[in-house]
Amino acid sequence: MPTDKLHQLTIHEAHMLLKQRRISSLDLTKSVLKRIVEIEEKVQACVTIAEDVALKEAEKADSYIKTAHEITPLAGIPTLIKDVICTKGIRTTCSSKMLENFIPPYDATVMEKLKAQRAIIIGKTNMDEFAMGSSTEHSAFFPTHNPWDLRRVPGGSSGGSAAAVAADETIYALGSDTGGSIRQPAGFCSVVGLKPTYGRVSRFGLVAFASSLDQIGPITKDVTDCALVMNAIAGHDSRDSTSVPHPVPDYTQQLIPDIKGLRIGVPQEYLLEDMQDEVKAAFEAAVDKLHELGAEIDWGVSLPHTKYALAAYYILAPSEASANLARYDGVKYGFSERDASNVIETTERTRQFGFGAEVKRRIMLGTYALSAGYYDAYYLKAQKVRALIKQEFDQAFEKYSALVTPTSPTVPFKLGEKLEDPMQMYLNDVCTLPVNIAGIPAISVPAGFADNLPIGMQIIGKPFSEETLLRIAFAYEQATDWHNRKPPLL
Amino acid sequence: MKLSYEQVKHIAWLARLGLSEEDVEKFSLQLSNILENFEILKHVNTDNVAPLAHIIPLQNVFREDNVADSYSQAEILSNAPKQAEKCFKVQAILE
């Protein structure tokens, strides 16, 4: 393996070479850092590069690998982390002016777990401010560009993580998903992204956006890597009271290219009228492939409450956000504007200059939906609709092992195209957000291209069915070669 | 549902969110447009449906009250915008 191409490796490939001592973690880490220097100007996926720490940790990993009998699957392998996950001693900004200089005094649980495996943290990735957005254009610092077409968005909010994985600026990355923020950018960048079941991965140290919807998950170059990262990050955590004490399986066990006899449903409501023809065609071809592989396909599934999910989501998520973001008052940490004459004005000005437009919009929406006189009509109503949406999924999963949909209704759109029309931006999440409302897991896998622009397929399952999702995704991946394609211009 | 200039000002006050005049105008339009899209929820029959706040079947999660190390004062104050005498420094809140 030429050392200048090491950044292109997957986790499992790198692991094998490290284990055989044909490469070192230092070689691998240097290759990835060099790649970042070469192309970051074009892609702009990273907010912080922790080069010194990464090189030091790589050396340590090498001496561990030299002496260890068995090495952990992520040992010595570089990763980028979405900048919404707290990293001890490394700036964690949420791509917001509010946290531009915030250095967490502790690690998120997922970071402790990665470090226990001796993973190499190389930096933090760009995102929509506080994870609110679908294009990464709402970053307070700069927009990230899609490696497949630099004039287009990488999706969001984990756009930096997805773009970096697609462009080989890292071996894998972590993202977070509140309404599609892992899956939509994974689809837009032709990489694999999994949103685990709510409660499967600890949220301790994940900066809160909407606490009943947020989950951390992997963004990887293939399905095998996705399973390996899930093995590392899943599990109960006493510091997150919503984390579920359910045994964690070995997610690689179900990576078998066989889906014979599995019943897979296609919910009609996700094939929207205004969906792009190319997306629909690629999706239908992907479902045909699943059929060819032996799955029983039911094209006639109906989930009639799907059409209410978007409205319910954009009441629930901003409501929770308005409460969660009340903590940013400029006292204990973060941006602080102190020129005003009294404490209320100080708080108002801190929040006026510390938050960007989309964050303000959602705080306003949420505050309104929770305010006296409107609570029943908006928040309570949305919670009831949430119950109906969940019920509908529960019923569907009595009959089907999984449901499949396109990940997004369109291919990646152009930078600036939807920035001034929030409602158009929100509509981009229409296929992904019902999954968060129901708290169930879903994975996006590369499922084709239209004019070299990626298209993703979403596979949705019942709670804690990640193994089944990975199995379907793996079988599909092995039968196609979309995941082997690399962005042409880089 | 149309949000007036005054309503936007009032919500911003509730959220302790300073807004420029330009923001108030813009949000009045944008939020009205978004709320209009929420009207669709009126068509859902939710009689006898219990609201769902949370999807996991857990209630009252308890743990042992064990003593453990916490963070040092220096660590916690390290991100403070202003501090004095090892405390967070705030503006006077009483007249």
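How many residue pairs are in polar contact between chain B and chain A? The count is 13, with both residues at pLDDT 80 or more. A polar contact here is a pair of N or O atoms within 3.5 Å; within protein, one must be able to donate a hydrogen and the other to accept it, and residues adjacent in sequence count only if both atoms are side-chain atoms.

Some housekeeping. This is a predicted model, in which local features need pLDDT of at least 70 and side-chain atom pairs count only at pLDDT 80 or more, while totals for chains, interfaces and linings use all residues. Residues are numbered from 1 along each chain as its sequence is written, chains are lettered from A and ligands numbered from 1 in the order in which they are written, and side-chain values use heavy atoms, leaving out hydrogens and water.

Back to the interface. On the chain B side, helix H1 (5-14) and helix H2 (21-38) are the elements that give two or more residues; helices are DSSP runs of H or I with at least four residues, strands are E runs of at least two, and both are numbered from the N terminus. H2(B) supplies the largest share, ten residues. In total, 53 residues of chain B are in contact with 65 residues of chain A, contact being heavy atoms within 4.5 Å. The two chains bury about 5200 Å² between them, 70% of it on carbon and sulfur atoms. That area is the accessible area (1.4 Å probe) lost on putting the two parts together, summed over both.

The rule finds one salt bridge across this interface, that is, a side-chain nitrogen of Lys or Arg within 4 Å of a carboxyl oxygen of Asp or Glu. Asp23(B) pairs with Lys360(A), with the closest N and O atoms 3.8 Å apart.

Next, cysteines. There are zero disulfides over all chains, a disulfide being a pair of cysteine sulfur atoms within 2.5 Å. For Cys94(A), the closest cysteine sulfur is in Cys86(A), 7.4 Å away, so it is too far for a bond.

Last, the backbone. Most residues other than glycine have a negative phi, and most peptide bonds are trans. Gly156(A) and Ser157(A) are joined by a cis peptide bond, with omega about 10°. Phe130(A) has a positive phi of about 55° and counts as buried at 2% relative accessibility. Glu85(B), with a positive phi of about 50°, counts as exposed at 77%. The cut-offs are under 20% relative accessible area for buried, over 50% for exposed and partly exposed in between (1.4 Å probe, protein chains only).
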